[in-house]
Amino acid sequence: MGIFSHAPKVSTDEKAIDELLLRGVAEVIGKDELKRKLLGGTQLRIKLGIDPTSPDLHIGRAVSLLKLRDFQELGHHIVLIVGDFTAVIGDTSDKDAERPMLEREVIEKNKKTYFDQVGKLLDLSRTELRYNSEWLEPLTYREIGEHADAFSVADFIARDVIRRRLDAGKRVSLREVLYPLMQGYDSVAVKADVEIGGMDQKFNLLAGRTLQEKYKQPPQNIVMSPLIDGLDGTKMSSSKGNVITLNAKAADMYGKVMSMADEQLAAYFELCTRTPMHEVKDILAGHPKEAKMRLAKEIVTLYHSKQAAEKAQENFEKVFSKKEIPEEVTEIKTAGLLRETLIHNGIISSNSEFSRLALANAIRRMESSGEIKITNALAPAPIGTVFRIGKHRFVKIIKN
RNA sequence: GCGUCGGUGACAGAGUGGUCAAUUGUACUUGGCUGUAAACCAAGCGGCUUCGGCCUACGGAGGUUCGAAUCCUCCCCGGCGCACCA
């Protein structure tokens with residue numbers, strides 16, 4: 001077991017602790033007790049579990065990761081669990097439908113990319129990284145039965161997400177019942193003092209307490225963050241494209257923030273940055289566009305660097321305010337005509353799509369004299385020319 | 001297992017023998033207006049096309065028919081009800 005050996009220095013600064021328990025926090029289970037522990041100066045084991053269900057973490061996850069970082073900065077011990085086993089079963093907490101069981105290979109692939117993404121926010125040298133297959137895989141049917149005994153079916157189906165599906169006549173798999181048991185047992189396995197999670201995770205988080213008690217461990221405290229909506233103000237979902245992924249390029253990240261609904265500004269500032277709240281208040285009082293630019297800069301700085309953020313901002317102004325070509329343009333190898341070249345490089349998917357875009361005046365050749373609209377399906381794509389497809393996709397044709 | 005209702009494009013959900021590449025809403029793409037915001041307006045939203053059409057698609061496989069998403073048979077999958085005494 002990766003036990004932390006060197007003597008830790010834990011901060012008991014009350015102001016910092018209050019901020020920790022307040023900012024981006026929707027609910028704390030055992031708040032007074034937790035505060036007492038934090039003030040007491042013993043190093044706590046702080047757990048966060050993330051299932052590798054997709055190769056990219058998005059900014060919704062960052063809410064918990066930042067909270068984890070807050071704890072890390074106070075000197076507490078971070079245990080980050082990659083749910084390679086739980087991912088197979090699939091959590092239903094944030095879904096209104098059953099999740100497919102993921103293939104092992106997919107999970108293996110996804111989990112590899114996780115650490116460098118997480119590393120952007122956490123000091124990995126001071127983070128205990130674990131896979132939950134380590135302790136979940138060897139469990140016997142008998143043990144699982146014992147865990148299951150700690151919960152009732154009524155508890156499970158009383159959950160809103162489940163209730164709704166049942167009412168709608170949708171299938172709920174028995175397998176889904178297993179998920180909270182597994183997440184709960186994670187807490188037992190790593191002897192968590194505190195678990196971080198979103199409000200949608202409440203049931204699963206509480207399961208940890210139940211199982212810890214069964215195993216004669218003190219039940220963990222729970223720090224829950226509010227759910228953050230996607231950029232457009234609706235439920236965040238990768239398939240809707242209203243998310244920012246943590247490994248997005250600086251320019252993309254900046255642009256994504258700029259395309260965010262104004263109403264989301266305050267939440268993103270509070271949850272996804274650590275800009276001091278009093279400063280945030282002033283920023284939000286100004287023009288939404290200015291505020292958004294500041295937010296974009298803060299977020300890009302967090303995942304890239306200050307310089308990258310400044311560059312992204314310059315680039316943004318250049319492209320969208322001055323309508324110029326961005327500094328860095330994706331280069332694609334020619335495959336003959338423009339249409340073929342775009343398809344070949346996966347910029348568009350079919351001849352029909354090209355026709356549609358061309359008809360909508362969405363394809364333009366960028367010239368020093370201005371933009372030239374491409375409407376001909378047989379338009380050439382000379383080496384060295386730059387084309388703009390839609391609002392923000394630029395490609396430069398290079399030799400094959 | 002029995003009974004019953006159902007399985008349609010990313011999702012929801014129409015369609016129940018030809019006028020169906022399939023109404024509508026949402027999502028998505030694009031154009032306009034803007035602050036790459038929202039709202040709003042407009043167009044598109046399976047593929048190929050010599051723009052006449054052609055091909056592939058309504059859980060799967062067969063069949064009936066000039067013609068099937070629509071009818072029949074079998075299979076697979078889901079919801080609900082039944083389940084002991086009767």
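Predicted model: local features only at pLDDT ≥ 70, side-chain atom pairs only at ≥ 80, totals over all residues.

Student: What makes us divide chain A into domains, and where do they run?
Tutor: The bounds come from a domain assignment, which gives domain 1 as 14–225, domain 2 as 238–321 and domain 3 as 330–398. The C-alpha centres of domain 1 and domain 3 lie 46 Å apart.

Student: How do you know that S2 and S3 are paired strands?
Tutor: Pairing requires at least two bridges. Strand S2 (residues 45–50) and strand S3 (residues 77–82) have six bridges, in the parallel sense. One position to look at is Ile-46, which stands opposite Ile-78 in S3.

Student: Which strands make up the sheet with the order S1-S6-S5-S2-S3-S4, and what is its pairing called?
Tutor: Six strands form this open sheet, and its pairing is mixed. The twist averages 20° from one strand to the next.

Student: Why are S1 and S4 called edge strands?
Tutor: Strand S1 (27–29) and strand S4 (127–131) each have a single partner strand, so one side of each has no neighbour in the sheet.

Student: What is the strand order in the open sheet of five strands?
Tutor: The order is S7-S11-S10-S8-S9, again with mixed pairing. Strand S7 (330–333) and S9 are the edge strands, since each pairs on one side only. In this sheet the twist averages 35° from one strand to the next.

Student: How do you know that S8 pairs with S9, and in which sense?
Tutor: The requirement is at least two bridges. Strand S8 (residues 363–367) and strand S9 (residues 370–373) are joined by four bridges in the antiparallel sense. Glu-367 has Gly-370 in S9 as its bridge partner. A hairpin through two residues connects S8 to S9.

Student: What does S8 do with S10?
Tutor: S8 and S10 pair in the antiparallel sense over four bridges, and Met-366 stands opposite Val-386 in S10.

Student: What makes S10 and S11 a pair?
Tutor: Strand S10 (residues 386–389) and strand S11 (residues 393–398) have four bridges, and the sense is antiparallel. The bridge partners in S11 include Phe-394 for Arg-388 and Val-395 for Phe-387. Three residues lie between the strands in this hairpin, where Gly-390 takes a positive phi near 70°.

Student: What numbers describe two packed helices?
Tutor: They are described by the angle between their axes and the distance between the axes. For helix H1 (residues 14–22) and helix H2 (residues 31–40), the axes come within 10 Å and cross at roughly 145°. H1 passes H2 in a right-handed crossing.

Student: Which residues make the contact of H1 with H2?
Tutor: Glu-14, Ile-17 and Leu-21 of H1 meet Lys-31, Lys-35, Leu-38 and Leu-39 of H2. To count as being in contact, two residues must have C-beta atoms within 7 Å. By class, four are nonpolar, none is polar and three are charged.

Student: How do H15 and H16 cross?
Tutor: The axes of helix H15 (residues 288–303) and helix H16 (residues 306–321) come within 8 Å and cross at roughly 145°. The crossing is right-handed. On the H15 side the contact has Met-293, Lys-297, Val-300 and Thr-301, and on the H16 side Lys-306, Ala-308, Ala-309, Ala-312 and Gln-313. These divide into five nonpolar, two polar and two charged residues.

Student: At what angle does H12 pack on H16?
Tutor: The angle is about 65°, with the axes 9 Å apart. H12 passes H16 in a right-handed crossing. Residues of this contact include Tyr-254 and Gly-255 of H12 and Phe-316 of H16. The contact has eight nonpolar, three polar and one charged residues.

Conventions: Residues numbered from 1 in each chain as written. Chains lettered and ligands numbered in written order. Domains from an automatic or database assignment. Axes fitted to C-alpha atoms, helices over the stretch in contact; angles between N-to-C directions. Left-handed = near helix turned anticlockwise from the far one by under 90°. Nonpolar A, V, L, I, M, F, W, Y, C, P; charged D, E, K, R; others polar.
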